[in-house]
Amino acid sequence: MTNIKTNHAQLTIIGTGMAGMAAACFATQNRINTIQIGVNSGIIYSSGFLDLMGIHPIDTQLTWNNPWQAIDQLIADSPNHPYARLRKPEIETAMKQFIDFMEAAERPYMFNKNQNTEVITPVGTVKQTYAVPRSMWAGTVALKERHSCLIVDFVGLKAFSAKQIADMLMPRWPKIRPLRLTFPAVGASADLYPEQMARALEVEANRIKLADAIRPHLVDAKSLGLPAILGMYNPHQVRTHLEELLGVDIFEIPTIPPSVPGIRLKEALEEFLAAKGVRLLLQKRVLFAKQQKNGKFILSIGNHGSDKAEQMIETDSVILAGGRFLGMGLYAGRKKIQEPLFNLPVFQPQDRAQWHQADFFAPRGHQISQAGLEIDDSFRPTDAAGKPIYKNLFAAGSILAHQDWMRQKCGAGLAIATAYGAVKAFKKLTAS
Amino acid sequence: MKNNLKTQVLIIGGGATGTGIARDLTLRGVKCILVEKKDINAGASGANHGLLHSGARYVSNDPESAKECRDENRLLKQLAPDCIEETGGLFVAVEGDDEKFVADFQSYCDKADLPCCPMDIAEAKEAEPALSDKTIAAFAVEDASVDPFKLVLENITDAQKLGCKFLRHSKVVKFNKTGNTIESVDLLNKTTGKELSIEADIVVNATGAWAGQVAALAGADIDLIYSKGTLLITHSRVSQRVINRLRPPGDADILVPGGTVSILGTTSLRMDSLNKIRPTVAEVDRIVDEGATMMPGLESTRYIRAYSGVRPLLGGGGKGDDRSVTRGFDLVDHAKDNIENFITITGGKLTTYRLMAEKTADLVCNRIGVSAPCQTRNIPLISAHETRWAVPGFSPKNWFKSHDKNDLLLCECEMVPQSAIEEIVDYFDIFDQQVDLKGIGKRSRIGKGSCQGNFCSLRITSFLYDRVLLSANQGASEIHSFINERWKGQRCLLWGAPVVQAELQEAMHCGFFGLELQPNSSTSS
């Protein structure tokens, strides 16, 4: 044990999903000495959309055009929802700052400040979201204007059918047209993967070939929709070059996860945070955590998939942002749901029979989604009496109880706003 | 416009019995149409252990059934070897089990003339290491496992090749009678909404647990008890042999291996209605806890699916455990109810499906003046080319051996390629032009891997649009109903790794695609 190195930090963020990444962004902005740890970021499953608040109440499936009004109503109806721990201007600031970080990280977002935007999904449904990657914005405009539009897919790219998207949207958008093409740069396998296609389009010659293949089919199309494969590192350059070649607005439609926009987002955030001095321990996990007599936490860190400690971290505070079951922030056993690291109390239904509805798509969602950590106004996990368990342990993101981000369409907003709240509470604690 | 068809025999019900009758009759040269309100094996034929009984399970309480099982077991091993795995079986008792029952078991078997061979405990433990250390007795019997999906697919495929017409999603809504004779039967296609009328010389009701409802529609009476049984599929195979608990039939007392998995069950719960036949968390927990006393590893193993079926048991209003009700079958000539051309066959069990079909076909032939004898005792059930995608393990083997370089894997868990989907869709009876993911699922391994349909439903839906087999917003309802069908089997087993998978599925299908907000036009449940 003696040769294991101990690192020190003011703040350690556990989790590299949206909440963890957002927390790290806010921490760097506040010049907090930060370590971030996580395995397999959930961001690669992201569509790239930033949802803020779309549906409330979920059982009546009421859809809101103005996310801020939706949040007002939500807070009035559900005072335990994590959004209710923040004032609305704080949520606005959090969103604005995160979108500014993304701008600085060269992954710009587009949005209407007080309005949700409709976007196209790979199954041809239309979804409400708040902010949209720049590469997808022309699609939201096309969908709204319903102008003549060509959607292209490629032989070998599975689960992305232009015909399906056009068929699904045709009733509201008669001028949408599908086209299937052979991708100009295919490898030996018939299977095409979005990441491989995106890399191929970083090469200018491939873009010219693609444009040549599409051009004869444009006819009167004002815009062109493609699967999200327009470049891995330089999406702006790839898209604008194709726009120049074809003379129409071009937009991406996300593919099913893990998608290129998700990977772009993850890589951009990692680069941005590393450049800002956050010590990122990727593919590492916390094996155990313990509070010392001085109040600081000691964390032992190991490789993903190993139980052997490689280093220790002594940290003033921790933000727990490990997500739910996929993120391993929570663990569901046959008898109950646990928080595995600090063994924090988990709000949950009385028994497993109540976890899931008989209908997977039941409008009111599954009760297990409401399970998680209960917190005080300083984002600290609390006990049954509502008292914080540790004064310097905070939690953010989907690990929090009393929300259903999947049904409420508030995933990114919840992650970003609660991360902002947790960092702010940490700052307040250190200032006192 | 209403379609009309004409046939000699109309068979209602696409389970083992109905498809068995279809094959038996077509082999005798009789013209048949088989109609099914959902798809093959929608009832108990698709929700059982897949156990080819030696008969030993029934020696103590139903010796007649035991003998029927013994004979059919031997016959099917000869006739349908591709559907059967000759695993052998064990009856084992653990500490605390009724020792008198253990002591009497051999003599029960002898009385029924069933081979039963006592085994040394150490020997049994060596053969089946998963057995509990508390095992106190073991007997070897001639149990085997049978793949009910392959069996039924082979029967119906063979019958179709011989000219039988098979209509899926076609629900009987009305019997049109003149005097004491059924002239025609009206059907409604539940997915397309189309109506159809079939004229037949004779109508056979082979609808299992639904036999009472269908008979009532014709104005006849069948008295059935509904006994719900729940079963669990393990992620990997637990034993080589069928393992039976050596005690009077009870909960979770049989573990049947099949290919790479094992099936554990069952419970017995009296039901008043056939609605909402789904497993519950309480049943699952009970099965796991009970099963673990026989094989302790069943406590911690990963389960991939739970499902429930309804045993149609004969005789009304019995007292006590439904397992004591006879497992024999009942062939009813409704001439007794003043309907001249209507027959019901129900009760029984998978092991005796062929015998039930033979007896039914004999009666049908007798009534319509056909003298051709039964052939299913002699003509083997050969694996048809068309059914191969349903066989576990076929897809990956086939893929690795050779595949067209332009073929794509649409189900990556079970390695089902685009070409397989294309082929399966071609076999569907194109009468109603209806292509459905659940139907493809019955004829292949899609949705049965670790993603439980999360990804393959999306890939196959896109493919079906590209082939113009789906259009407009049908895709959304297809994904919806396929995911919900898989969900039925997952919901009670969501702890550990499967709960992670379920979360990803909800994040994608609801969080991202918003499919919960789509109007669901699918009417099939």
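## Basis of the description

Residues are numbered from 1 along each chain as its sequence is written, while chains are lettered from A and ligands numbered from 1 in the order in which they are written. Because the model is predicted, local features need pLDDT of at least 70 and side-chain atom pairs count only at pLDDT 80 or more, whereas totals for chains, interfaces and linings use all residues.

## Domains of chain A

Chain A is assigned domain 1 (5-106 + 263-431) and domain 2 (122-253); such bounds come from an automatic or database domain assignment. The C-alpha centres of these two domains of chain A lie 33 Å apart. In chain A, 13 residues of domain 1 are in contact with 10 residues of domain 2, contact meaning that the C-beta atoms of two residues, placed from the backbone, lie within 7 Å. The side of domain 1 of chain A that touches domain 2 of chain A has 6 nonpolar, 4 polar and 3 charged residues. In this classification Ala, Val, Leu, Ile, Met, Phe, Trp, Tyr, Cys and Pro count as nonpolar, Asp, Glu, Lys and Arg as charged, and the others, Gly among them, as polar.

## A parallel sheet in chain A

Chain A has an open sheet of 4 strands in the order E8-E7-E9-E10, with parallel pairing. Helices (H or I, at least four residues) and strands (E, at least two) are DSSP runs, numbered from the N terminus, and two strands pair if DSSP finds at least two bridges between them. Strand E8 (176-181) and strand E10 (249-253) of chain A each have a single partner strand, so one side of each is left without a neighbour in the sheet. From one strand to the next, the twist averages 25°.

Strand E7 (residues 149-154) of chain A is joined to E8(A) by 6 bridges, and the two run parallel. Within this pair, A:Ile151 stands opposite A:Pro178. Helix H4 (residues 137-145) of chain A lies across E7, strand E9 (223-227) and E10 of chain A, at about 100° to E10(A). Helix H5 (residues 162-169) of chain A lies across E7, E8 and E10 of chain A, at about 170° to E8(A). For these angles, axes are lines fitted to C-alpha atoms, for helices over the stretch in contact, and angles run from 0 to 180 degrees between N-to-C directions.

## Domains of chain B

The assignment for chain B gives domain 1 (3-44 + 149-223 + 327-368), domain 2 (53-146 + 225-314) and domain 3 (388-517). Taken over C-alpha atoms, the centres of domain 1 of chain B and domain 2 of chain B are separated by 30 Å. Their contact takes 20 residues from domain 1 of chain B and 21 residues from domain 2 of chain B. On the domain 1 side, helix H5 (148-161), strand E20 (342-347) and helix H8 (353-368) of chain B each supply at least two residues. The largest share of that side, 3 residues, comes from H5(B).

B:Leu355 lies in helix H8 of chain B. With 21 C-beta neighbours inside 10 Å, B:Leu355 counts as buried; a residue is buried if 20 or more other C-beta atoms lie within 10 Å of its own, exposed if 12 or fewer, and partly exposed in between, with C-beta atoms placed from the backbone. Leaving aside neighbours within four places in sequence, B:Leu355 is in contact with B:Glu68 and B:Glu72.

## Strands and a helix of chain B

Strand E18 (residues 303-314) of chain B is mostly covered, with 10 of its 12 residues buried. Strand E13 (residues 224-234) of chain B is joined to E18(B) by 11 bridges in an antiparallel arrangement, in which B:Thr234 has B:Tyr303 as its bridge partner.

In helix H10 (residues 418-427) of chain B, the buried residues are B:Gln418, B:Ala420, B:Ile421 and B:Ile424. Seen down the axis of H10(B), they fall within an arc of 155°, so they line one face of the helix; the arc is that of the directions from the helix axis to the C-beta atoms.

## Contact between the chains

Between the chains, 45 residues of chain B are in contact with 40 residues of chain A. Helix H7 (281-294), helix H12 (456-466), helix H13 (474-490) and helix H14 (497-512) of chain B are the elements that give two or more residues to the side of chain B that touches chain A. H14(B) provides the largest share of that side, 10 residues. By class, the side of chain B that touches chain A has 23 nonpolar, 13 polar and 9 charged residues.
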